[in-house]
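Here is a friendly set of notes to read alongside the structure. Please keep the view open and turn it as you go.

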Amino acid sequence: MKKLLALLLVLATFSCKQAKKETAEVEQTVAEEAKPEVKLYAFSGGTVNANKLELFSQDTTYTGQSKEFGDAFYVIVHPKGTLMWDAGLPESLVGMDAPYTSPDGAFTVSRKDSVVNQLATIGMKPSDIDYIALSHTHFDHVGHANEFAGSTWLVQEKEYDFATSEENQKNNADIYNAIKDLTKVKKIANTDYDVFGDGTVVMKFMPGHTPGHQVLFLDLAEFGPLLLSGDMYHFYENREYRRVPIFNYDVAQTKASMAAFEAFAEEKGATVYLQHSKEDFEKLPKAPNYLK
């Protein structure tokens, strides 16, 4: 009798575990089927040649070196709306006979095409973009922002205060002028922000490069979870060795954000795409017939 009761107990335990497993599998399948379809398009916002790569480390590692960066911007299409992430280099570069080099010789930049032309390749125009969000407000990320004055600017409070301060208006007038027409503003309280409320498009607050720097998490049916890095890292050596550019706003904050970024990427199993990596740009979907 005791052996029979023990056997029945084992069978009951097994059946319970099997039922829980099957229930969990069903729930996961339902959740996956219910996940909204989110599309991502990557576009070229120009090319940046870092003539003084030593600017991208606190030590002398890169002294005498240079490197060419891509400068991507992105359109994310969600059933509840459309988000543009970052805005490339200034469109005043389009049509120039030669690339432009900054007076200090640190950067040489160029841009081949306007955002209006590029949006047209996916059948859109600026008025179709509901939201614009910038990873941060440096010159190579705000280029065509003013084209989206009709869109809502999703911005961390600290970044907004930084970009619109009297000091920035005086010392970085070109950057301020690039975003001054964005008057429909939704300020985020220096925290993560779920754009559409379902976990598929989430801005992650990761300051340090600038006071309100952020990265973008996407959960895509085609690519799975991925992270667009903003300027957390400009190239893969800096990610590997956690090197911090000398022009970052706060080194300690940057290092803390790097640790948080890596932990989050691991937690989500997310593929990281460095926004200034030409190689990563080639991996992401482009519009049909889009000429990079």
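1. Let's begin with an aromatic cluster. In this predicted model, one such cluster is formed by seven residues named here in chain order: F56, Y62, F69, F107, F139, F235 and F247. Aromatic pairs in the model number 13.

2. How far apart are the ring centres of Y131 and F196, and at what angle do the planes lie? The centres are 6.0 Å apart and the planes stand at 70 degrees, so this pair counts as edge-to-face; the cut-off for that class is an angle over 60 degrees.

3. F196, with a relative accessible area of 6%, is buried. The cut-off to keep in mind is that buried means under 20%.

4. Next comes F217 with F264. Their planes are at 85 degrees and their ring centres 5.3 Å apart, so this pair too is edge-to-face. F217 sits in strand β11 (residues 214-220) and F264 in helix α7 (residues 251-268), so to speak a link between distant parts of the chain, 47 residues apart. Both F217 and F264 are buried.

5. F264 has another neighbour worth a look. What sits over the ring of F264? The charged end of K204 does, at 4.0 Å from the ring centre.

6. Now to the sheet around these residues. Five strands make an open sheet in the order β9-β10-β11-β12-β13, and the pairing is mixed. β9 and β13 (271-273) are the edge strands, each pairing on one side only. Helix α7 packs on this sheet and touches β10, β11, β12 (224-228) and β13. The direction of α7 makes about 165 degrees with that of β12.

7. At the β9 side, look at how the strands meet. β9 and β10 are antiparallel and share 2 bridges. Within this pairing, D194 has V202 in β10 as its bridge partner.

8. Strand β1 (residues 39-50) pairs with strand β5 (residues 107-110) in the antiparallel sense, over 4 bridges. Which residue in β5 is the bridge partner of A50? It is F107, which is also part of the aromatic cluster.

9. β5 has a further partner. Strand β4 (residues 100-101) runs antiparallel to β5, joined by 2 bridges, and Y100 stands opposite V109 in β5. The hairpin of β4 and β5 has 5 residues between the strands, and G105 there takes a positive phi near 75 degrees.

10. Finally, some totals for the whole protein. It has 8 helices and 13 strands. Of its 292 residues, 46% count as buried. Among contacts between residues at least 6 apart in sequence, 66% join residues at least 24 apart. The accessible surface comes to about 14600 Å², and carbon and sulfur atoms account for 52% of it.

Definitions and conventions
Residues numbered from 1 in each chain as written. Predicted model: local features only at pLDDT ≥ 70, side-chain atom pairs only at ≥ 80, totals over all residues. Heavy atoms only, no water. Phe/Tyr/Trp six-rings, centres within 6.5 Å; stacked < 30°, edge-to-face > 60°. Buried < 20%, exposed > 50% of the residue type's maximum accessible area, 1.4 Å probe, protein only. Lys NZ or Arg CZ within 6 Å of the ring centre and 35° of its normal. Pairing = 2+ DSSP bridges. Contact = heavy atoms within 4.5 Å. Areas by Shrake-Rupley, 256 points an atom, 1.4 Å probe, with all protein chains shown as cover. Axes fitted to C-alpha atoms, helices over the stretch in contact; angles between N-to-C directions.
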